[in-house]
Amino acid sequence: VWVFDAHPGPALPGRPGDIVRRSYGAVLVRTGDETVWIGHLRRAGQAVKLPATMALHDRLAHVPPAPGDREISYRRCGPVGVLRFAFHNGAMSTGQCDRLVAALRVATAQDTRVLVLRGGEVFANGIHLHVIEAAPNPEIEAWRNIQAIDDVCREIITCTDQLVVASIGGNAGAGG
């Protein structure tokens, strides 16, 4: 496999290479005394990189989910709420869009005056073409993904109780 979107995980001793948790597309792999989150993989013979849980679906039946969401988080600082979302290369699958819509609904229901939308290294680049290409029915998945990203946009533009600010620290292109 080729590994993409890797981040340090918590210290957990164990046999290197063991997959110990999964979380919204990513897997947590033991490296000895430490671990590493791997978000995306490309398996030998595949043309596209996919969320690690999709690429390794045949090996994850025994792997428990990790608590929390490493891609989306919300924190409040007085009158300002910060919704962080960090999707690899800014591509958003249908599931990621659905989770972001849910997080937006929680954030906009707060009594804050300002909502900051803070993207990751890449703010947003639209739909996740690799997930679409790998789907059993790419046409249906493309339509679902377009509708899901439209739902994200609708949640943002219909927020009337807070000033919405986009904190863009990287690229924002295509459908993003």
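Apart from neighbours within four places in sequence, R99 is in contact (heavy atoms within 4.5 Å) with Y24, D69, E71, I72 and F87. The model is a predicted one, in which local features need pLDDT of at least 70 and side-chain atom pairs count only at pLDDT 80 or more, while totals for chains, interfaces and linings use all residues. Residues are numbered from 1 along each chain as its sequence is written, and side-chain values use heavy atoms, with hydrogens and water left out.

**Helix 2**

- R99 belongs to helix 2 (residues 94-108); helices (H or I, at least four residues) and strands (E, at least two) are DSSP runs, numbered from the N terminus.
- R99 counts as buried because its relative accessibility is 16%; buried means under 20% relative accessible area, exposed over 50% and partly exposed in between, for a 1.4 Å probe and protein chains only.
- The buried residues of helix 2 are T94, Q96, C97, R99, L100, V101, A103, L104 and A107.
- These buried residues pack against strand 6, strand 7, strand 8 (91-92), strand 9 and helix 4 (138-157).
- Helix 2 lies across strand 6, strand 7 and strand 9, and runs at about 15° to strand 6; axes are lines fitted to C-alpha atoms, for helices over the stretch in contact, and angles run from 0 to 180 degrees between N-to-C directions.
- The end C-alpha atoms of helix 2 are 21 Å apart, which agrees with the 21 Å that its 15 residues should span at 1.5 Å a residue; the expected span is 1.5 Å times one less than the number of residues.

- An open sheet of 4 strands has the order 6-7-9-11, with mixed pairing; two strands pair if DSSP finds at least two bridges between them.
- Its edge strands, each pairing on one side only, are strand 6 (72-77) and strand 11.
- Neighbouring strands of this sheet are turned by 20° against each other on average, direction ignored.
- Strand 7 (residues 80-85) and strand 9 run parallel and are joined by 6 bridges, with V80 opposite V114 in strand 9.
- Strand 9 also pairs with strand 11 (residues 163-167) in the parallel sense, over 5 bridges.
- V114 stands opposite L163 in strand 11, and R118 has S167 as its bridge partner there.
- Strand 9 (residues 114-119) is largely enclosed by the rest of the structure, because 5 of its 6 residues are buried.

**Aromatic cluster**

- The structure holds 2 aromatic pairs; rings of Phe, Tyr and Trp (its six-membered ring) pair if their centres lie within 6.5 Å, and planes under 30 degrees apart count as stacked, over 60 as edge-to-face and the rest as tilted.
- F85 and F87 form a tilted pair, at 6.0 Å centre to centre and 40° between the planes.
- F85 and F123 form an edge-to-face pair, at 5.2 Å centre to centre and 70° between the planes.
- F85 lies in strand 7 and F123 in the loop between strand 9 and strand 10 (126-127), so this pair ties together parts that are 38 residues apart in sequence.
- F85, F87 and F123 form one aromatic cluster; F85 and F123 are both buried, and F87 is buried with a relative accessible area of 4%.

**The site around K49**

- K49 is found in the loop between strand 4 (35-42) and strand 5 (50-51), and counts as buried at 17% relative accessibility.
- The side chains of K49 and H88 are joined by a polar contact of 3.3 Å; such a contact is a pair of N or O atoms within 3.5 Å, where within protein one must be able to donate a hydrogen and the other to accept it, and residues adjacent in sequence count only if both atoms are side-chain atoms.
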